[in-house]
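The following exercises are to be worked with the sequence and the coordinates at hand. Each task is followed by a solution in steps.

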Amino acid sequence: MLPIAILTRPDGRNAPLERGLHDAGWQTLALPALEIQPLPADAAGPPLPQDHDLVVFVSGNAARLYLAQLHAAGMPDWPGGTLAATVGPASARAFRACPGVGPDAAVLYPPPEAAAHDSEALWQVLRARGALPRRVLLVRGTSGRDWLGDQLEAAGVQVARHAVYRRLPALWPASAVRQLREWAGQGRPATWLLTSGEGIDAVRAQVDAAGIAAWWRASRFVVTHPSLVPRLGLAGSGQGPAPMVKICLPADEAILAAFVAA
């Protein structure tokens, strides 16, 4: 039987990885942990990029939804003199792929070979440039990346936070829950991809509701940051040896390699 990969990133993020896993001989189930719900800008419109020295996007979704707000406000093109930054190369590609941005837009981000693609890695990139920007716009969800904003403010930077989406637990379809229960009843092992603490909490709640917590604890896991491992709730479970957990960068190539090695 084919090994099972359960991909919990939001809708629209799983298709390329699914193709790679299929080519590598995996059976996949795309089962988003969270729903990304866009937020409208307020009546005054979104904050403008040209009013800031740097615009930081915490994710590809943050970039896409912010650009959509700008377009709705009548600003079709990204201002060429405004510098952007992301926490990794995948988000940088998502930003440059947005309408009105273009592939040559200036974006700062930790390089592909960096040890991590996260706020801490981006902070090192910003510090290595010397003088920090005076005004930073942090584009994110309703929560998240507080550490980076706090570091910038502690260094004397004026930080504006702008939320373009909220993340809500996704409701798994009944057919998917039946499939999970079937695999659990057959004792088939699965490997889960988990990319955020909030997503892990949402998955664990649905796993408990489906009555397959024991199967979950016997699964394998691919996570995209070491800080996510404790959120799995596996240590000290008394259920035998801890399942295998692979930690990798949040890029499709690295995730695929982690699954193949799992």
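**Exercise 1: surroundings of an arginine**

The model is predicted. Leaving aside neighbours within four places in sequence, arginine 9 is in contact with Asn14, Leu17, Pro32, Leu193, Thr195, Asp252 and Ile255.

Task. Locate arginine 9 relative to the strands and helices, and classify arginine 9 as buried or exposed.

Solution. 
1. Arginine 9 belongs to the loop that runs between strand 1 (4–7) and helix 1 (15–23).
2. The relative accessibility of arginine 9 is 3%. Buried means under 20%, so arginine 9 counts as buried.
3. The side chain of arginine 9 also reaches the backbone oxygen of arginine 13, at 2.7 Å.

**Exercise 2: strand pairing and an aromatic pair**

Task. Determine in which sense strand 10 pairs with strand 9, and describe the geometry of the aromatic pair of tryptophan 216 and phenylalanine 221.

Solution. 
1. Strand 9 (residues 190–194) pairs with strand 10 (residues 220–223) in the parallel sense, over four bridges. Leucine 193, one of the contacts of arginine 9, has valine 222 in strand 10 as its bridge partner.
2. Strand 10 also pairs with strand 11 (residues 245–247), in the parallel sense and over three bridges. Here phenylalanine 221 stands opposite valine 245.
3. The count of aromatic pairs is nine. For tryptophan 216 and phenylalanine 221, the centres are 4.7 Å apart and the planes form an angle of 65°. Over 60 degrees counts as edge-to-face, so this pair is edge-to-face.
4. Both tryptophan 216 and phenylalanine 221 are buried.

**Exercise 3: salt bridges**

Task. How many salt bridges does the whole structure hold, and which parts of the chain does the pair of arginine 135 and aspartate 53 link?

Solution. 
1. The search finds seven salt bridges.
2. In one of them, the side chains of arginine 135 and aspartate 53 meet at 3.1 Å, N to O. The pair links distant parts of the chain, 82 residues apart: arginine 135 lies in strand 7 (residues 135–141), and aspartate 53 in the loop between strand 3 (34–38) and strand 4 (54–57).
3. Arginine 135 has a relative accessible area of 27% and is therefore partly exposed; aspartate 53, with 27%, is likewise partly exposed.
4. Another salt bridge joins arginine 167 and glutamate 198 at 3.0 Å, N to O. This pair also links distant parts of the chain, with arginine 167 in strand 8 (residues 158–169) and glutamate 198 in helix 7 (residues 197–210), 31 residues apart.

Note on methods
Residues are numbered from 1 along each chain as its sequence is written. This is a predicted model: local features need pLDDT of at least 70, side-chain atom pairs count only at pLDDT 80 or more; totals for chains, interfaces and linings use all residues. Side-chain values use heavy atoms; hydrogens and water are left out. Helices (H or I, at least four residues) and strands (E, at least two) are DSSP runs, numbered from the N terminus. Buried means under 20% relative accessible area, exposed over 50%, partly exposed in between (1.4 Å probe, protein chains only). A polar contact is a pair of N or O atoms within 3.5 Å; within protein, one must be able to donate a hydrogen and the other to accept it, and residues adjacent in sequence count only if both atoms are side-chain atoms. Contact means heavy atoms within 4.5 Å. Two strands pair if DSSP finds at least two bridges between them. Rings of Phe, Tyr and Trp (its six-membered ring) pair if their centres lie within 6.5 Å; planes under 30 degrees apart count as stacked, over 60 as edge-to-face and the rest as tilted. A salt bridge is a side-chain nitrogen of Lys or Arg within 4 Å of a carboxyl oxygen of Asp or Glu.
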